Amino acid sequence: ALNCAGLNESTLEDELFGHVRGAFTDARGDRQGRFEYADEGTLFLDEIGDMPLTMQAKLLRVLQDREITRLGSNDPIQVDVRFIAATNRDLEKAVRDHTFREDLYFRIKGATICLPALRERTEDIPILIQHFLQRAAQRHGVRIEGINSEARSVLSSYPWPGNVRQLENVIENMVVLAP
């Protein structure tokens, strides 16, 4: 998995394709990129909608040709990778706005899973509360017996503009602050 948001173009290129020794100042040895590392497996690119246009062109070429070239090398490397991408952006709108390549959009738009916002699937909130409670309690080494019905009701009726990540953060804070 690789989160594309917040990575500058050169870092993203190195992360995806790797480099050879001497490709840049601190390249003291060869390094596999994510495509090469995921060969015969799966690569998940999160927040692909935030990828710079020039990197989108390079990604498209890899998906079409099934080969990468490490930074600083001329030798192509064949890769067989199942590719999964996610984004919180409307990619059709991004294509219309010319911030996402249309050819890449159609290349990656195989099976689409559209997950509605948490406010549109409130029946998931109790299950997520329990999951996040258990995980946070384990992470912080505390024993939490549960959450009272009044708190559960308040959490279930909140619109969650920050979606699942906001709910997770609230539960984490509750666990940390619980007496």
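**Figure 1. Q56 and the residues it touches.** Setting aside residues up to four places away in sequence, Q56 touches M51, T99, F100, R101 and L104. This is a predicted model, so treat every view here as a prediction. Q56 sits in helix α3, which covers residues 53-65. Is Q56 buried or exposed? Its relative accessibility is 0%, so Q56 counts as buried. Two of the residues it touches, M51 and F100, turn up again in the next view, among the residues with the most contacts inside the largest nonpolar core.

**Figure 2. The largest nonpolar core.** This core has 26 residues. Those with the most contacts inside it are L16, F35, L45, M51, L59 and F100. Which elements give two or more residues to the core? They are α1 (9-17), β4, α3, β7, α4 (91-96) and α5 (102-108). Helix α3 provides the largest share, with five residues. A second, separate core has 13 residues, including I129, L155, W160 and L167. As general background, nonpolar side chains in soluble globular proteins tend to be buried together.

**Figure 3. Zooming in on L45.** L45 is one of the residues with the most contacts inside the largest nonpolar core. Which residues does L45 touch, leaving out those up to four places away in sequence? The list runs L2, C4, L16, M51, L59, F83, I84, A85 and A86. Three names on it, L16, M51 and L59, also belong to the group with the most contacts inside that core.

**Figure 4. A three-strand open sheet.** The strand order is β1-β4-β7, and the pairing is parallel. Which strands lie at the edges? Those are β1 and β7, each of which pairs on one side only. Strand β1 (residues 2-3) is joined to β4 (residues 41-46) by two bridges, and N3 has D46 as its bridge partner in β4. Between β4 and β7 (residues 81-86) there are six bridges. To find your way along that pair, look for L43 opposite F83 and for F44, whose bridge partner in β7 is I84.

**Figure 5. Helix α1 packed on helix α3.** The axes of α1 and α3 are 10 Å apart, and the packing angle is about 15°. Angles under 35 degrees count as roughly parallel, and α1 and α3 are therefore roughly parallel to each other. Their crossing is right-handed. Who meets whom here? From α1 come E9, L12, E13, L16 and F17, and from α3 come T54, M55, K58 and V62.

Figure 6. P52 is found in the loop between β4 and α3. How exposed is P52? Its relative accessible area is 25%, so P52 is partly exposed. Apart from neighbours within four places in sequence, P52 is in contact with E9 and L12. Both of those residues are also among the α1 residues that meet α3. For a sense of scale, P52 and I147 are 43 Å apart, C-alpha to C-alpha, and 95 residues apart in sequence.

**Figure 7. Helix α6 against helix α8.** Helix α6 (residues 125-140) and α8 pack at an angle of about 45°, with 9 Å between their axes. Are α6 and α8 roughly parallel or oblique? At that angle, α6 and α8 are therefore oblique to each other, and the crossing is right-handed. On the α6 side, the contact is made by I125, L128, I129, F132, L133, R135, A136, A137, R139 and H140. On the α8 side, V164, L167, E168, I171, E172, V175 and V176 take part. Of these, I129 and L167 are included in the second core.

**Figure 8. A closer look at V164.** V164 lies in α8, which spans residues 163-177. With a relative accessibility of 21%, V164 counts as partly exposed. Beyond its neighbours within four places in sequence, V164 is in contact with L118, R121, L128 and F132. L128 and F132 are part of the α6 side of the contact in the previous view. The C-alpha atoms of V164 and K109 are separated by 24 Å, and the two residues are 55 apart along the chain.

Key: Residues numbered from 1 in each chain as written. Predicted model: local features only at pLDDT ≥ 70, side-chain atom pairs only at ≥ 80, totals over all residues. Heavy atoms only, no water. Pairing = 2+ DSSP bridges. Helix = DSSP H or I, 4+ residues; strand = E, 2+ residues; numbered from the N terminus. Buried < 20%, exposed > 50% of the residue type's maximum accessible area, 1.4 Å probe, protein only. Contact = heavy atoms within 4.5 Å. Core = buried A, V, L, I, M, F, W, Y, C linked by side-chain atoms within 4.5 Å. Axes fitted to C-alpha atoms, helices over the stretch in contact; angles between N-to-C directions. Parallel < 35°, antiparallel > 145°, perpendicular 65-115°, else oblique. Left-handed = near helix turned anticlockwise from the far one by under 90°.
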